Every structure is written in C-alpha cells, then in structure tokens.
Amino acid sequence: PPEDRERFERHIHSVSELERRVRDGTVAVCDRPERPRTSDDNEQLWRLRAQAELATAALACDLTRCVNLALGKEGGTQSWLEDGADTHLASHESWGGTTREARSAAADIVSRQNRAVAQEVATMIDGIAARGILESTILVWGTPMGWGGPHTNYTAPFVLATGRRDLQTDRYHRWGTYSVGIDEAGDAPDYWSSAGGIPHNRLLTSLALAMGCPAVDRVGDAGGGADLDNAPLPELFA
C-alpha cells in the first residue's frame, strides 16, 4: 500500500543518513553538561544560554525529540543590550512616536535587540551542529507579533535552520507586503487583507509533514468561523 511504501522509504532514508554520518564521522555526541549555577532575574541572557545548552544535550542524547524555548516574556522582554535600553517601550515608540526621528531611533533599539537574539540562535545552531544532530533537527525561530508597536500578528518573520536534505535551505521567502514602516504612524496598518497574506498555519502544517506526520492536514481550530488555508508550503521542500 502507498502508506506502507512511504514509511519504508523514510526508514531506508534514515538508515542511509546514519550510515553516511558514521562514515563522515558526524555521529551525534551525547555527553552530560554540568549543572547550571543558580541565576537571578538580572541574568536573563545567561539563563537562556544555559537552557539552550541543556536542550541541545537532551536532543543529542535522545532524551526528547522536541524542545520549546521562550526567549522572553510575552508582556515585554528584559533588555539584553549593554546600555539597558528598554526594547518594550521602544517597540511601541517605533509605531506611535510623534516624529519620524523618534520612530527611527526606537526602531534602531529594537533592531539591536533582534541582532542580539539572532546571535544566541546562531550559537545554538552551532552547538547542534557540533553534536552531529543538525541533519536530523529542524530549528524554528519565530515571534508572536510581526510588529510590536501596534501588536500586529501578521507579517511575522520565521527562521528555519536544518541540515536535512529534504528541506530547502539558503532561501528567503516573502509573502504579502511590507510597504508600511516607520514613515507612517497612527492606526495599525491594514496590509493583511489587502495582500491576501499566508496564514502561519501553512508553516506549521509543513513542519508536521517534515517531522513524519503525514496524517496532519491542518493545525489549529478549523471551525468557529475561521477559514484558514492549511496547505503545506511547497517552497520549503527540496
């Protein structure tokens, strides 16, 4: 039957990948990290690094197949910047500032914070690769809001990192429009409906298929008046 054939082909593929990793000397390294020291609320960045190290070790030792790390609190992340700039207030000022200069300065603070976050994500990817499990791992870095100022949940960016050969890498996909920026302030920009944006559900459905769950054809509640497209994103697959 087709479903058995697909399952068998996935098994053959995983065995072939394991053989290649053994041949190339990239077998997963499982060693127990040291217990992190006690931290306080002013060491949020150090705490994230410790959690990332523990999560990577757990994946390498096959203690879990799924890890979820929260980079910060939903109500406002403590600044990771050396000058202590308040990134929560800056995100609102980047939209509601009374002058373009004020909005631009606020956007620069948010950008610096995001670059700091990107460095932590890159460090975790390097750790996963060093343990030899990047080719069996999909790391997803996402955000609940596309723009923190007006609290929009569209045009939200997602970054995927993996060493798997069945997924496309070195790609930048852009759906919808991003034409509204710091030059305009006031009401929340309505560029979701005009652009016919792509629902996040399509990314989540794609990830479910990539993780070997072919029976998952939607993510989330399809009822309640919601008419969301759950079709996988073909651009993500090789």
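**Exercise 1. Which residues does T205 touch, not counting residues up to four places away in sequence?**

*Solution.* The model is predicted: local features need pLDDT of at least 70, and side-chain atom pairs count only at pLDDT 80 or more, while totals for chains, interfaces and linings use all residues. Residues are numbered from 1 along each chain as its sequence is written, and side-chain values use heavy atoms, with hydrogens and water left out.

Step 1. Locate the residue: T205 lies in helix α5. Helices (H or I, at least four residues) and strands (E, at least two) are DSSP runs numbered from the N terminus.

Step 2. Apply the contact criterion, heavy atoms within 4.5 Å. The partners of T205 are V216, D217, R218, V219, N230 and P232.

Step 3. Consider accessibility. Buried means under 20% relative accessible area, exposed over 50%, and partly exposed in between (1.4 Å probe, protein chains only). T205 counts as buried because its relative accessibility is 1%.

**Exercise 2. Determine how far helix α5 is covered, and by what.**

*Solution.* Step 1. Helix α5 spans residues 200–210, and eight of its eleven residues are buried.

Step 1. The buried positions are N201, R202, L203, T205, S206, L207, A208 and A210.

Step 2. The cover over these residues includes β1 (138–141) and β2 (159–162).

Step 3. Just after α5, G212 takes a positive phi of about 85 degrees.

**Exercise 3. Describe the largest nonpolar core and the elements that contribute to it.**

*Solution.* Step 1. A nonpolar core is a set of buried Ala, Val, Leu, Ile, Met, Phe, Trp, Tyr and Cys residues joined through side-chain atoms within 4.5 Å. The largest one here has 14 residues, and those with the most contacts inside it are W80, V117, V121, M124, I128, I133 and L139.

Step 1. Two or more residues each come from α2 (44–60) and α4 (100–130). The element giving the most is α2, with five residues.

Step 2. Take I128 as one of the core members with the most contacts. Leaving aside neighbours within four places in sequence, I128 is in contact with T56, I133, L134, T137 and L139.

**Exercise 4. Compare the backbone and exposure of D62 and D170.**

*Solution.* Step 1. Most residues other than glycine have a negative phi.

Step 1. D62 has a positive phi, near 60 degrees, and is found in the loop between α2 and α3 (87–96). With a relative accessible area of 46%, D62 is partly exposed.

Step 2. D170 also has a positive phi, of about 55 degrees, and belongs to the loop between β2 and α5. At a relative accessible area of 76%, D170 is exposed.
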